[in-house]
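Colleague: Could you walk me through this structure? I have not looked at it before.
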Amino acid sequence: MLMLPELIIVATGFILLVLDLFLTEKQRDLLVPLALAGIAAALGALWLTPDHGVLLGGRFAMDPLAWWFKLTFLIAAFVTVMLTSGLLESAAPEPRKLHSPGEFLTILLFNLTGMLLLASTRDLITLYVALELATIPLFLLAAWRRDALGGEAGLKYMVIGALASALMLYGFGVLYGVTGTMRLDAMPALLHADRTTLYAAALIVAGVGFKLTLVPFHMWAPEVYQGAPPPVTAWLSVASKAAGLSVLMLVLFRVFRPFLHDVSFAIAVLATVTMTIGNLVAIVQRNILRFMAFSAISQAGYLLLGFLAGGSVGAAAMVFYLLVYAVTNLSVFAVIILHNQQTGSTELTDYRGLSQLNPLLALALMFGLFGLGGIPPLAGFVGKFLLFSVAAQAGYHWLVGVAAVNSTVSLYYYLRLVRQMYIEAPAEGAVPLKPGWMLSAGLAVTTAASMLLGVVPTVYESVRASAAAWLQSLGQ
Amino acid sequence: MADFLTAHAPTLTHWLVLTSALFAIGLYGMLTRRNAVGVLMSLELCLNAAAVNFVLFNRYLAPTAQGGAERLDGAVMTIFVIAVAAAEVVVGMAIFVAMYAERRTVDVTRLDALKD
C-alpha cells in the first residue's frame with residue numbers, strides 16, 4: 001500500500017511499452033491519455049497513502065515531507081505529459097515531432113518512478129539506485145531528437161551527469177567507511193566533526209549540486225536546456241531539480257544534521273554565488289531556453305536559503321517554494337513549448353507582439369514570469385518571502401539583502417521578455433499560435449495554481465504541519 | 001617469498017591509496033580524453049574506484065562496527081554499482097552512436113553547436 005503510487009507508475013510504463021508494439025502509427029495517439037490515466041491513478045493512490053510507515057526492513061519509508069515531494073513529482077509529470085501531447089501525436093509538425101511516443105512516455109514514467117522512490121529511500125543502496133533511475137533516463141530524453149543539437153546535449157549531459165554520480169558514489173563510500181552502516185538514520189550518531197565527514201559531505205553535495213544546478217556545477221544546464229526538446233527541458237527544470245532537493249534534504253537533514261549549523265556559512269556562500277551568477281548571466285541571453293536555464297539556476301540559489309535553519313521552518317519553506325516553482329515554471333514552459341512547436345524558434349525576439357496575436361497566452365506567460373520574479377499577489381512572492389524569512393531568522397541579514405537585490409535583477413530580464421510581447425509590434429506575416437486543448441488545459445491549471453497557492457493559506461499550512469510532523473519523526 | 005608477502009600484507013590505507021589513485025586517474029582521463037569513448041572508459045575507472053571502496057570498507061570495518069556480525073552491505077552495494085555503471089555505459093554509447101550518425105565524429109572538443 002505504501003508503495004502503491006510507484007507500482008502504478010511502473011505498471012503503466014510497462015503497459016505502454018508492450019502496447020506500443022501492437023499499435024499502428026495512428027493508434028499511438030491513445031498512449032498519451034493512457035499515460036495520463038496512469039499518473040492520475042498514482043495521484044489518487046498517493047492521496048490514500050498514509051504519510052507514515054516503513055517497508056522492506058526500513059529501506060523504504062514514507063514520511064510527511066516525502067509525501068509532498070511525491071505530489072510535486074506526480075503533478076509535474078502529469079502536466080509535462082499534457083504539454084508534450086502536441087509533439088507526440090502522429091499529426092505533429094515533422095522536424096519538431098518527437099518520434100516513438102510509446103518509448104518516450106515509458107522512459108519518462110520510469111524516470112518518474114526513480115524520483116518517487118528517491119523521496120522514500122532510507123539507506124545508501126536504495127538511494128543510489130533510485131538516484132540513478134532518476135538521472136539516466138534523462139540522458140535519453142535529452143538526446144531524443146536525433147539531430148546534431150540533441151546528440152550534443154545528450155552527450156554533455158551524460159558525461160557530466162556520470163561524473164557527478166561517480167563523485168557522489170565516492171562520497172557514499174567514504175560515509176560508509178566512517179560509519180560502517182548503510183542506514184541513513186543510524187549515521188548521525190556515528191559521525192564525528194572531522195575532515196573525513198567534511199570530505200564525504202563535500203563529495204555528496206558536489207554530486208547533488210549537479211542535479212540542483214548549484215553554481216560551480218551548473219555548466220551543463222544552459223547547453224542541455226537548449227539542445228533538448230522543450231518538453232524535456234520543462235521536465236528537467238522542474239522534476240530533476242525537485243529530485244536534487246529531495247536528496248539534498250535527505251543528506252543534509254538526515255545524515256549531516258548535527259553539523260548543519262557549522263557549515264551554514266558555506267551554504268550561504270553557495271546560495272549567493274548560485275543566485276548571483278544565474279541572474280547576471282540570464283540578462284545577456286538571447287535564446288529563451290538558455291534564458292530559462294539561468295533563471296532555473298538562480299531559483300536553485302533561493303531554494304538553498306531554506307537549509308540555513310535546521311528546523312521545520314526551513315524544510316517547509318523549501319518544499320512550498322518547490323511546489324510553487326514547479327507550477328509556475330511549467331506554466332511558462334507551456335507557452336515556450338507551444339511557441340517552439342508552431343514556429344520552430346527559440347529566440348527571445350521572436351516573442352515580439354505575442355500580446356496582439358494571442359492575448360491570453362501572453363497574459364499567462366506574463367503571470368508566469370512575474371511569479372518566477374516574485375511579484376506580490378502571485379505565489380512566487382509568498383514562497384520567496386518564506387525562504388528569505390528563514391535566512392533572516394538564522395541571522396543572515398546580508399544574505400536577505402543579496403537575495404532581494406537578485407530578485408530585482410531577475411525582474412529586469414523577465415521584463416525583457418514581457419517587453420517583447422507587449423511593446424514590440426508583431427513580425428510581418430506572423431500568425432497566432434493555435435494551442436491544442438490539452439496544452440491549454442495544462443497551461444490554465446498551472447497558471448491558476450501559481451496564483452492561488454499564494455493566496456489560499458491552506459497549502460502552506462499543510463506543508464508546515466507536515467514539516468513539523470517530519471521533524472518529530474527525525475527524533476530530534 | 002610467501003613469508004615476505006604475509007609480513008607485508010597490504011592494510012586498509014594501502015588499498016585506499018589505490019582507490020584514490022584509480023579515481024584520480026579516471027578523473028584525469030575524463031578531463032583530457034578527446035574521444036567520447038575514451039571519456040566513457042575513464043568514467044568506468046572512477047566508478048570502479050568507488051565500488052572497490054565499498055568492498056574494502058565492508059571487509060575491514062563493517063564486521064567490527066556491527067558487533068562482529070557478518071554484514072555484506074558494502075559488497076551488495078558494489079554489485080548494484082556495477083549494474084548501474086553498465087546501464088550508464090549503454091545509454092552513453094547509444095547517444096554516441098546516434099551522434100556519430102549525425103556528425104561523423106565523437107570528438108568532444110568539437111562539440112560547440114550549442115551556444116547563444
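Colleague: Is Ala441(A) buried, partly exposed or exposed?
Modeller: In this predicted model, Ala441(A) is partly exposed, with a relative accessible area of 26%. Buried means under 20% relative accessible area, exposed over 50%, and partly exposed in between, with a 1.4 Å probe and protein chains only.

Colleague: Where does Ala441(A) lie?
Modeller: Ala441(A) belongs to helix α19 of chain A, residues 437-455. Helices (H or I, at least four residues) and strands (E, at least two) are DSSP runs, numbered from the N terminus.

Colleague: How are the numbering and the cut-offs of the model set?
Modeller: Residues are numbered from 1 along each chain as its sequence is written, and chains are lettered from A and ligands numbered from 1 in the order in which they are written. As this is a predicted model, local features need pLDDT of at least 70 and side-chain atom pairs count only at pLDDT 80 or more, while totals for chains, interfaces and linings use all residues; side-chain values use heavy atoms, with hydrogens and water left out.

Colleague: What pLDDT does chain A average?
Modeller: The average for chain A is 90, and 99% of the residues score at least 70. The pLDDT is the predictor's confidence in each residue, from 0 to 100. Among the elements of chain A, helix α4 (residues 101-118) has the highest mean, 94, and helix α20 (residues 457-474) has the lowest, 83.

Colleague: Back to Ala441(A): how many residues along the chain separate Leu83(A) from it, and what is the C-alpha separation?
Modeller: They are 358 residues apart along the chain, and their C-alpha atoms are separated by 9.0 Å. For Leu212(A) and Ala441(A), 229 residues apart along the chain, the C-alpha separation is 28 Å.

Colleague: Is Leu212(A) buried or exposed?
Modeller: Leu212(A) counts as buried, at 0% relative accessibility. This residue lies in helix α9 of chain A. Leaving aside neighbours within four places in sequence, Leu212(A) is in contact (heavy atoms within 4.5 Å) with Lys241(A), Gly244(A), Leu245(A), Leu248(A) and Ala300(A).

Colleague: And Thr213(A), what is its phi?
Modeller: Phi of Thr213(A) is near 50 degrees, a positive value in a residue other than glycine. Most residues other than glycine have a negative phi. Thr213(A) sits in the loop between α9 and α10 of chain A, and it is buried, with a relative accessible area of 1%.

Colleague: How many residues of helix α10 of chain A are buried?
Modeller: Helix α10 (residues 220-227) of chain A is mostly covered, with 8 of its 8 residues buried. Among them are Trp220(A), Glu223(A) and Tyr225(A). The cover over the buried residues of α10(A) includes α7 (148-179), α9 (195-212) and α11 (230-255) of chain A.

Colleague: Changing topic, where is Gln420(A) found?
Modeller: Gln420(A) is in helix α18 (residues 397-422) of chain A and is buried, with a relative accessible area of 12%. Its contacts, apart from neighbours within four places in sequence, are Leu348(A), Thr349(A), Tyr351(A), Arg352(A) and Gly353(A). From C-alpha to C-alpha, Gln420(A) and Asp350(A) are 8.1 Å apart in space, and they are 70 residues apart in sequence.

Colleague: What about Gln341(A): buried or exposed?
Modeller: Gln341(A) is buried, with a relative accessible area of 9%, and is found in helix α14 (residues 312-343) of chain A. Neighbours within four places in sequence aside, Gln341(A) is in contact with Gly86(A), Leu87(A), Pro93(A) and Arg96(A).

Colleague: Now chain B. How many helices and strands are there?
Modeller: Chain B has 5 helices and 0 strands. Its radius of gyration is 19 Å, well over the 13 Å that the globule rule gives for 116 residues, so chain B is more spread out than a compact globule. That radius is taken over C-alpha atoms, and the globule rule is 2.2 Å times the number of residues to the power 0.38. The C-alpha trace of chain B spans about 55 × 30 × 30 Å along its principal axes.

Colleague: What percentage of chain B is buried?
Modeller: Buried residues are 35% of the 116 residues in chain B.

Colleague: And Arg104(B), where does that lie?
Modeller: Arg104(B) is in the segment after α5 (73-103) of chain B, and it counts as exposed at 59% relative accessibility. Phi of Arg104(B) is near 65 degrees, a positive value in a residue other than glycine.
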